[in-house]
Amino acid sequence: AEKKLLQGKKVLVTAGGTVERIDPVRYLTNDSSGKMGYAIAAQAKRMGADVVLVSGKTTERVPDGVEFVTVESALDMYEAVLSRFEQTDIVIKAAAVADYRPAEQAPQKLKKNNDELTITFVKNPDILQTLGQKKHGQFLVGFAAETERVEEYAMGKLRKKNCDLVVANDVSADGAGFGTDTNIVRIYDAQGLALQLPIMSKTDVATRILTLVASRLGSNKGA
Ligand code: PMT
């Protein structure tokens with residue numbers, strides 16, 4: 001039988017891409033399939049955790065036995081995550097959250113009256129950074145989707161967002177990042193590179209992340 005490394009732990013995972021509406025039938029999103037986050041939710045459940053999965057747009061099947069919360073926009077995800085943060089031990093943010101949203105959402109379908117259309121975007125709140133400011137003992141795992149200078153940017157996010165670990169994927173590498181069944185990740189902590197993994201299934205990546213988290217739990221209490 002599998003050892004239940006996360007027995008009794010409350011784990012919140014975000015997955016998928018957010019949808020930022022322009023009008024009732026049009027929106028902006030990104031290439032996240034949800035596979036990475038759904039794999040983490042499923043593995044956390046198998047490892048004994050109570051799991052909440054907060055999900056944006058995806059075509060993945062909801063893993064058995066997890067509490068499932070669907071959201072549309074980054075603002076919806078912000079609310080869903082923040083309202084559950086107090087009761088959570090571990091947060092893993094695999095979702096691809098839109099950094100900006102249209103300043104206004106047209107109540108009716110936009111008409112093609114002009115040759116040009118300008119949409120103004122405003123910044124979304126950074127969910128992970130907000131959690132980093134509020135955390136009291138929770139273990140925070142961020143993701144970093146980078147195309148260059150992976151270590152520098154991942155460490156920058158770890159510090160800025162006060163994360164315990166950052167899972168960096170070079171999303172320009174073959175077999176890594178958005179939409180694939182595999183991923184290639186490097187995991188950083190405050191000291192630098194903690195774990196470098198070769199290409200493997202997102203399920204195996206999830207197991208490795210969660211095993212590392214379990215081994216680190218407790219050492220950050222009171223931090
Ligand atoms: O879903 P898949 O197709 O399986 O693809 C997996 C993935 C590539 C989406 C995943 O592995 C991944 O890298 N997720 C994070 C994508 C991302 O948006 O990274 P980022 O570097 O822009 O953001 C850094 C961290 O801050 C992320 O944990 C993100 O969830 C969080 N964030 C970002 C913006 C924001 N407004 N709020 C946030 O919480």
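Student: What should I know before we start?

Tutor: Residues are numbered from 1 along each chain as its sequence is written. The model is predicted: local features need pLDDT of at least 70, side-chain atom pairs count only at pLDDT 80 or more, and totals for chains, interfaces and linings use all residues.

Student: What makes K157 count as buried or exposed?

Tutor: A residue is buried if 20 or more other C-beta atoms lie within 10 Å of its own, exposed if 12 or fewer, and partly exposed in between; C-beta atoms are placed from the backbone. K157 has 21 C-beta neighbours inside 10 Å, so K157 is buried.

Student: And what makes K161 buried?

Tutor: K161 has 20 other C-beta atoms within 10 Å, so K161 is buried.

Student: Where are K157 and K161 found?

Tutor: K157 is in helix α4 (residues 150-160). K161 is in the loop between α4 and β10 (165-170). Helices (H or I, at least four residues) and strands (E, at least two) are DSSP runs, numbered from the N terminus.

Student: Which residues does K161 touch?

Tutor: Contact means that two C-beta atoms, placed from the backbone, lie within 7 Å. Not counting residues up to four places away in sequence, K161 touches L128, Q129, G132 and G142. On a count that leaves aside neighbours within four places, K157 contacts G142, A144 and V166.

Student: How do you know whether the UniProt "binding site" positions gather at one spot?

Tutor: The unreviewed UniProt entry places this feature at nine listed positions, among them D99, K157 and K161. They span 63 residues in sequence, and the farthest two C-alpha atoms are 37.6 Å apart, so they do not all gather at one spot. UniProt annotations may be inferred rather than shown by experiment.

Student: Why are β5 and β13 called edge strands?

Tutor: Two strands pair if DSSP finds at least two bridges between them. The open sheet has 8 strands, in the order β5-β4-β1-β6-β9-β10-β12-β13, with mixed pairing. β5 (67-70) and β13 (192-196) each pair on one side only.

Student: How do you know that β9 and β10 pair?

Tutor: 6 bridges join β9 to β10, against the at least two required. These two strands run parallel. V141 stands opposite L165 in β10.

Student: Which element gives the most to the shell around the ligand?

Tutor: 26 residues surround the ligand, and the closest include S33 and K35. Near means a C-beta atom, placed from the backbone, within 6 Å. β9 gives the most to that shell, with 4 residues.
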